Amino acid sequence: MQTDSVTDETTDTGPLFETSNFASDIAVAAFFLIWAIVGWTSLLSDENLFSDLYAGADPGPTLLPIIVLSVLSLGAAALAAGAFLSRRSAAKSSHPAQRLPKGFKLALALFASIASFPFFMTHIGYLPTTFIFVCVWAFGLTHDPMRAPFRNGMIAALAAGLTTLLIYACFDLLIGVRFP
């Protein structure tokens, strides 16, 4: 919370304090749920992916899609549950930049960053791109990232480093899936 120097009023700032409403929260959850349904339908309708060709020690080509679709499905369900649990009336903002609800802005930013991920991955590699992606999102989603930017940046970098190492250990070392 910050005090506005012009009006001496206390204002909430940061991504968690933007206005939001039930309809936009459900729309964000539906957006991710639709992509999960498309993914599950595509995965389950391809009988070659589940044939005996991929039986054995190798996890096969369905492992990563199953993991991603499971996380996407659980995330969409959590977003929908959160919308129903925190259903409340949102204060209308007169500022044009705050007319978009928080969930929509975050979904749009996530879509843009995921869409740019392959481009950066081919130019600088998977591990540096993953580190940057997680670091930026961890820093941006903190309560008030600019209150203590150095401390929040260090925490985000630590989280990004641990996440990147965990991904590397699980995929490259444990199951032998090499990333570019």
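Reader: In what order do the elements of the chain run from the N terminus on?

Author: The model is a predicted one, and its secondary structure comes to five helices and two strands. Buried residues make up 21% of the 180 residues in the chain. Read from the N terminus on, the elements run β-β-α-α-α-α-α.

Reader: Are α1 and α2 roughly parallel or roughly antiparallel to each other?

Author: In general, two packed helices are described by the angle between their axes and the distance between the axes. Here the axes of helix α1, residues 22-45, and helix α2, residues 63-85, come within 8 Å and cross at roughly 155°. Angles over 145 degrees count as roughly antiparallel, and α1 and α2 are therefore roughly antiparallel to each other.

Reader: By class, how many nonpolar residues does the contact of α1 with α2 have?

Author: The crossing of α1 and α2 is left-handed. The contact is made by residues including Phe 22, Phe 32, Trp 35 and Trp 40 of α1, and on the side of α2 by residues including Pro 65, Leu 72, Leu 79 and Phe 84. By class, the contact of α1 with α2 has one charged and three polar residues, and the nonpolar residues number 19.

Reader: Which helix is included in what covers the buried residues of α2?

Author: Helix α2 has 23 residues and reaches 33 Å from its first C-alpha to its last, close to the 33 Å expected at 1.5 Å a residue. In α2, Leu 69, Ala 76 and Ala 83 are buried, and these three residues also take part in the contact with α1. What covers the buried residues of α2 accordingly includes α1.

Reader: Is Ala 36 buried or exposed, and what is its relative accessible area?

Author: Ala 36 lies in helix α1, and leaving aside its neighbours within four places in sequence, Ala 36 is in contact with Leu 69, Leu 72 and Ser 73. Buried means under 20% relative accessible area, so Ala 36 counts as buried, with a value of 1%.

Key: Residues are numbered from 1 along each chain as its sequence is written. This is a predicted model: local features need pLDDT of at least 70, side-chain atom pairs count only at pLDDT 80 or more; totals for chains, interfaces and linings use all residues. Side-chain values use heavy atoms; hydrogens and water are left out. Axes are lines fitted to C-alpha atoms, for helices over the stretch in contact, and angles run from 0 to 180 degrees between N-to-C directions. Helices (H or I, at least four residues) and strands (E, at least two) are DSSP runs, numbered from the N terminus. Angles under 35 degrees count as roughly parallel, over 145 as roughly antiparallel, 65 to 115 as roughly perpendicular and the rest as oblique. A crossing is left-handed if the near helix is turned anticlockwise from the far one by less than a right angle, and right-handed if clockwise. Contact means heavy atoms within 4.5 Å. Ala, Val, Leu, Ile, Met, Phe, Trp, Tyr, Cys and Pro count as nonpolar, Asp, Glu, Lys and Arg as charged, and the others, Gly among them, as polar. Buried means under 20% relative accessible area, exposed over 50%, partly exposed in between (1.4 Å probe, protein chains only). The expected span of a helix is 1.5 Å times one less than its number of residues.
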